[in-house]
Amino acid sequence: MNLPSYICASAVVILLSAAPAQATMTDLTIGTICIGNIPSESRVIKKILQENDERYIYEDISINYDSQKSSKSIKTKFDAPIIRIFKEIPEAGGHECSELKAKVLLEGTIERAQIALERSEEAGEKRAILRVKAGGFSVTIGRVSAGLAPIFGGSINLSGSKAWIENPSQLLWQEGRAGSGDLEITSWARIVSGAKFTISENNQTIQLDLSSKGGNIILRTPLTGRYMQFYDGNLKSTQVKSWRTGYNFESIGVKNATVDIDSIEIQAKNGQVSANVTGFKFQSGVGRVFSPGFNSSFTSSYGKIDRLHKLIDKTSPILNLAGASTSSLRLSAKGCGTKISGAQFGKSSECVISGSIDGSGRLDVVHSGRFESVWGSLLLPTDKSSLKWSSRFDKHHSQISGQVLQASFAMSELLIKSVPTVDLQPFDVTDLEMLEIVMPIGVDMAPTSGDLTARIGDREVIINGTVRRLFLNGKIVIPSVDVEQWRIEIPRGDLQFSFGVDAIEKAPILGGVANELTISSDVVNSLPVVSTSRRSEGALSFQAGVLAISNTKWRLGTDDSVLELSPLLRLDSGAAVTFDLASSRLALEAGTFSLAVAKMASQPSVATRIGGLNVIDAALSIQSLTGLIGGGEATLDLRNVSVNAKRISTSGDATDSSWSGGLERGHFGEIVSLLRKKSAKDSTLQNLGTALFDFSLALTDAEFGDKKGLSFSAANMSISGKTLTSDLIEQIDIEVVNANISDDKADSKISLSVPRLKVHLNDGTLQKPNGVGELHLAAIDATVPSPIEVKISCDGMPDFQKVPAKAHIVAPSIVMSLTVKNGQITGQGAAFPLSAEIKGDGRYECKGVALDFVLVGPKRWRTEYPCAGTWNDPIRTCEAWGETPAIAVTIDYVYIIENVYWSMSAPVSYINIVPDGSGNTKLKVCPKVTQFSPLLVDGSVFLTPRTPSELFNNFVKDIGNIVSRPFSASLLSQAGTLFAAYNVVAAWFGTYEGCK
C-alpha cells in the first residue's frame with residue numbers, strides 16, 4: 001500500500017492499535033529530514049481531537065536502538081532506524097527515505113530518538129501539516145555513515161563520528177510548501193577542510209584547514225536546508241602560508257602587501273561567530289592607518305598586528321575579515337604623511353605607527369627625525385626631533401593630541417631652540433571635513449640649566465640668550481580650505497620664559513642702539529599674540545636689570561628732526577622694555593636715567609626743532625640730564641644748557657610770521673620736555689610740550705617777515721625770560737635795536753626805521769600774553785591806496801562810489817607806548833611832524849539824471865461835427881473825442897574825473913593803536929594842527945537833454961559844452977556834499993572818528 005509517509009505513519013498507528021499482531025516499519029519526512037525504519041511500537045498516538053472539519057493527532061515517537069543487540073523487545077529482525085538530512089527539500093521518488101532524491105547533508109543510524117509530533121488534517125485536504133515544538137525533536141546518531149557539511153566555503157566531514165540533532169525552534173512543514181524551523185547538529189567531527197579566507201574587500205581568498213581540539217562543534221541548518229551555520233565551538237588553523245594581497249581593516253588599509261599569519265581561530269557562541277587572527281605580519285607598498293577625521297599614509301612599511309577581530313555573518317560563505325578591528329598595531333614606515341580633517345599636518349621620511357581599535361580606538365603616529373608640517377615655520381625640526389600624534393576615537397569622532405620633541409619654537413621674530421616638549425593638547429575632529437581646525441598648544445618646561453637658547457628679532461634686533469623656563473598656552477588655528485593660512489593665537493600673559501642675555505646686536509631703541517642688556521624678570525607677552533608664517537603681531541615685555549643705549553635720538557620739536565645724545569645712556573635701576581613683534585623693535589616703556597654731563601647735537605646743516613625753534617647745526621652742552629619714562633611717554637629735564645648754533649629761526653603756517661637770526665649767545669637754566677613715542681614702528685620720542693626756564697638768547701642779523709609781504713631786519717635782537725611754556729609766560733623781555741621794517745605789495749609800499757622796540761611780558765600765555773612796551777619809529781615813508789568817496793548816485797552801480805587815489809605819508813619820527821592785554825596790542829603816541837598828499841590813481845565816470853520835469857500834462861478833448869443823415873433825420877451831427885500827450889523835459893548828466901590832488905600837513909599828530917572789533921588792531925592818526933590844500937579835481941560834466949523838440953535839445957547841448965571844461969578848482973573845492981576831504985588817509989591810518 002503506497003501512501004505518503006506522513007499519511008502512512010498515521011495509518012500504521014491506527015492498525016497497530018487495532019491488531020498488533022505483526023511489527024511494521026514506517027518512515028517520517030519533515031522538510032529536509034527523513035527518518036526511516038521506525039518500528040511501529042515506537043510510535044504511540046497520545047490523543048486525537050476533532051474540531052469542526054479539522055482533526056488534530058498528537059503522536060510520540062520513541063526509538064531506542066542498540067546496534068550491538070538484535071532488538072530483543074520485539075523479537076523481530078528489522079533494518080536499523082536511520083535519519084537522512086538533505087541539503088534541500090527532496091523530490092518524492094518513493095515512500096521510503098532511501099527513495100527520496102536530494103543531496104545528502106548527513107546520514108546515519110539512529111541510536112536514540114524522542115520526537116513529539118503534532119499532525120493536523122483538514123477535511124478535503126490531502127496534505128497534512130506536521131509540527132514539532134521547540135525541543136520536541138531529539139535524535140542521537142550512533143554513527144554517521146555519510147556527511148559533508150558545507151561551512152565557510154569548505155566542508156566538515158561528519159562521517160564516522162557520533163552526532164546529536166535537536167530542534168531549538170519549532171519545526172513546521174506541509175508538503176509542497178516551504179517549511180520553517182532550525183536543526184541543531186552536534187558532532188564529534190572537528191576538521192574543516194578547504195575553508196575560504198580573505199582579508200581584502202575584493203574577496204581574494206586563500207584556503208585554510210581548521211580543526212577543533214577542544215570539544216564538539218554545533219552546526220545549525222534551517223528546515224529548508226539552504227545553508228549550514230557554525231553555531232558553537234572552536235576552530236583553529238596554525239598552518240597558514242604567506243600570500244600577497246591588499247587589505248582594509250577598520251584602522252589600516254594596505255595595497256600589494258605580503259602577509260604572514262601565526263594563527264586563525266573561529267569561535268562560535270550561541271550563533272555569534274567571531275574570527276580572531278594573531279601574529280598578523282606584513283610588508284607592503286602604499287598604505288594608511290586611519291580613524292574618523294585622521295589618517296597617516298606611507299609608501300612602504302613593515303609591521304605587525306597582534307590581533308585582528310571581526311564578527312562573521314552566520315550566512316557568509318567565506319571567512320571575510322575585511323574591516324576587522326585591530327589590537328596592538330605597530331609598523332615602521334617610510335614616506336609618511338599625516339592628515340587631519342583632510343588637511344596635511346605632517347610629513348617625514350620615516351615614522352612609527354602603533355595603536356588598536358577595540359571599542360575605544362587608539363592610534364599613535366610618531367614622525368621621527370626631521371619632519372615637515374603646515375606650521376613648519378612655527379616648529380622647526382632637527383635630525384633629533386620627532387612629531388607624535390595620538391587619536392582616541394569611536395565610530396564617528398576622534399579626539400586628537402600630539403607632542404613635538406626636540407624642535408625649535410619660532411614665531412617670526414622669536415626663536416627658542418631645541419624645546420624638549422611642545423604639547424599639542426587634545427582637540428576634537430569628526431569624520432566630516434571641518435572648516436577650521438583649532439588645536440590647543442602648550443609648553444610647560446620646568447627650570448633647567450640646559451642648552452635651550454633663544455633669539456629675539458630676525459630683521460634688526462638680535463638678542464641671543466639662554467632660556468631656563470618656558471610656559472606657553474595658546475592655540476593653532478588652521479583653515480581646512482587653505483592650510484597655508486594657519487595662525488597661532490596666544491592670549492595676553494600666556495607666553496612666559498626666563499631669559500639670560502648672552503649677546504645683543506643691532507637692537508635699535510630710542511633711536512639708538514642697545515649695547516648692553518640684562519633681563520631681571522620673565523619675558524611675558526603683554527599683548528595678545530597672533531602669528532602666521534609671514535607676520536606676527538603682539539608684544540613681549542620684560543624688566544631690564546641693566547640697559548645701556550648709545551646714540552639715542554630725541555625729538556624736542558614737532559617735526560621729524562632729532563638730536564643725538566652722547567655719551568652712553570645707562571639705566572641701572574631697572575627699566576620696563578617691550579619688544580614689538582610686528583616691527584621687530586625694542587621700546588623703553590618705563591625707567592629712569594641720569595647723566596652728570598651730556599651733549600646733544602643735530603645732524604650737520606639740518607634744521608632741528610627745539611620747542612618752537614628751528615636750529616641749524618645745533619650743539620647743546622648739558623651739565624645735568626635726568627629722565628623718567630613710563631606709559632609710552634617721557635619727561636626730560638635738562639639743567640644749565642648752553643646752545644650753540646649757526647642760525648636759529650621760527651616759522652608758522654601760511655598766515656603767520658617768521659623770524660630768524662644768527663645765534664650769538666644761548667643759555668637755558670632748565671629745559672623740561674614731555675615726549676612720546678612716535679609710533680609702534682618708530683621708538684624715537686617726539687615732543688608734546690617744552691618748558692623753558694631762566695633763558696636768554698642773543699641774535700645778530702635778525703630778520704622778520706610774514707606771508708603778506710612785511711619784512712623786518714635788525715642788527716641785534718635779544719630774548720630773555722624766567723618761564724615760557726605753552727600755558728604760561730613769566731617775565732619775558734624782547735628787545736630789537738636798529739631795525740628796518742618794509743612792506744612791499746603790489747598796491748602799497750611802506751618803509752620804517754626802528755631805532756628801538758622793547759616789550760616786557762609779565763604773565764599770560766603764548767596765545768594771550770600781558771605786558772607793556774615802547775616803540776620808536778623814524779624815517780616813515782608810506783604809499784597806500786586811499787580812494788575818495790563821491791556823495792552822488794550813479795546809474796548801474798551802488799551809491800557813493802570812490803574815486804581811485806593813493807596817499808603818500810611822510811613822518812620823520814614817531815614815539816609810542818604799548819600795552820599788551822590777552823594778546824592784543826594797544827598804544828598811543830605822537831608823530832613830529834606828519835605830511836600827506838592824495839593823488840588820483842585812475843579815471844572815474846558816473847552817469848545819472850540831472851533834470852526830469854513835465855511842462856504840460858496830458859489833455860482830453862471833445863467835439864461835434866455834421867455827418868450823413870437818415871430818412872427820419874436828414875440833418876444830424878456826430879461826436880468825436882481824444883487826448884494830447886504830456887510835454888516833459890529830461891536832462892541826463894555824465895561826471896568824468898580824470899585826476900584829483902589834495903595835501904595836508906600837521907606839525908603834531910596823535911597816533912592811537914585801537915581794537916577794530918574783530919580781534920585785530922588798527923592804527924589811527926589824529927592831526928592836531930592841520931593845514932589843508934584845496935582839493936583840485938580835473939573833471940568834466942556833460943548834459944544831454946531828452947525832449948520832443950530837437951531844436952531845444954541842440955540848444956541845451958551847446959550851452960553845456962561851453963561851461964563843462966574845465967570846472968574851476970575853486971568851484972569844486974566848495975562842493976562839500978560831493979567829497980569828504982577828511983577821509984583821505986582813512987585807508988592806512990583809520991577813520992578820523994575817535995581822535996581826541
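Buried means under 20% relative accessible area, exposed means over 50%, and partly exposed covers the range in between (1.4 Å probe, protein chains only). The model shown is predicted, so local features need pLDDT of at least 70 and side-chain atom pairs count only at pLDDT 80 or more, while totals for chains, interfaces and linings use all residues. Residues are numbered from 1 along each chain as its sequence is written, and side-chain values use heavy atoms, with hydrogens and water left out.

**View 1. A salt bridge between Glu107 and Arg84.** A salt bridge is a side-chain nitrogen of Lys or Arg within 4 Å of a carboxyl oxygen of Asp or Glu. Glu107 and Arg84 have their closest N and O atoms 2.6 Å apart. Because Glu107 lies in strand E6 (residues 104-122) and Arg84 in strand E5 (residues 82-86), the pair ties together parts that are 23 residues apart in sequence. Strands (E, at least two residues) and helices (H or I, at least four) are DSSP runs, numbered from the N terminus. Arg84 has a relative accessible area of 11% and is therefore buried.

**View 2. A salt bridge between Lys162 and Glu111.** The closest N and O atoms of Lys162 and Glu111 are 3.5 Å apart. Lys162 lies in the loop between strand E9 (154-157) and strand E10 (163-166), and Glu111 in strand E6, so this pair ties together parts that are 51 residues apart in sequence. Lys162 counts as buried at 17% relative accessibility, whereas Glu111, at 22%, counts as partly exposed.

**View 3. Further salt bridges, including Arg487 with Glu489.** The side chains of Arg487 and Glu489 meet at 2.7 Å, N to O. Arg487 is partly exposed, with a relative accessible area of 24%, and Glu489 counts as partly exposed at 21%. Elsewhere, a network of salt bridges links Arg43, Arg55, Glu59, Arg119 and Glu121. The structure holds 24 salt bridges.

**View 4. A cluster of rings formed by Tyr247, Phe249, Phe280 and Phe282.** Rings of Phe, Tyr and Trp (its six-membered ring) pair if their centres lie within 6.5 Å; planes under 30 degrees apart count as stacked, over 60 as edge-to-face and the rest as tilted. By this rule there are 11 aromatic pairs. Tyr247 and Phe280 form an edge-to-face pair, 5.3 Å centre to centre with 85° between the planes. This pair links distant parts of the chain, with Tyr247 in strand E17 (residues 243-248) and Phe280 in strand E19 (residues 272-284), 33 residues apart. Both Tyr247 and Phe280 are buried. Phe249 and Phe280 also pair edge-to-face, at 5.2 Å centre to centre and 75° between the planes. Phe249 lies in the loop between E17 and strand E18 (252-269) and Phe280 in strand E19, so the pair ties together parts that are 31 residues apart in sequence. Phe249 counts as buried at 2% relative accessibility, and Phe280 at 0%.

**View 5. Charged ends over the rings of Tyr58 and Phe290.** A charge sits over a ring if NZ of Lys or CZ of Arg is within 6 Å of the ring centre and within 35 degrees of the ring normal. The charged end of Lys47 is 4.9 Å from the centre of the Tyr58 ring, and that of Arg288 is 4.2 Å from the centre of the Phe290 ring.
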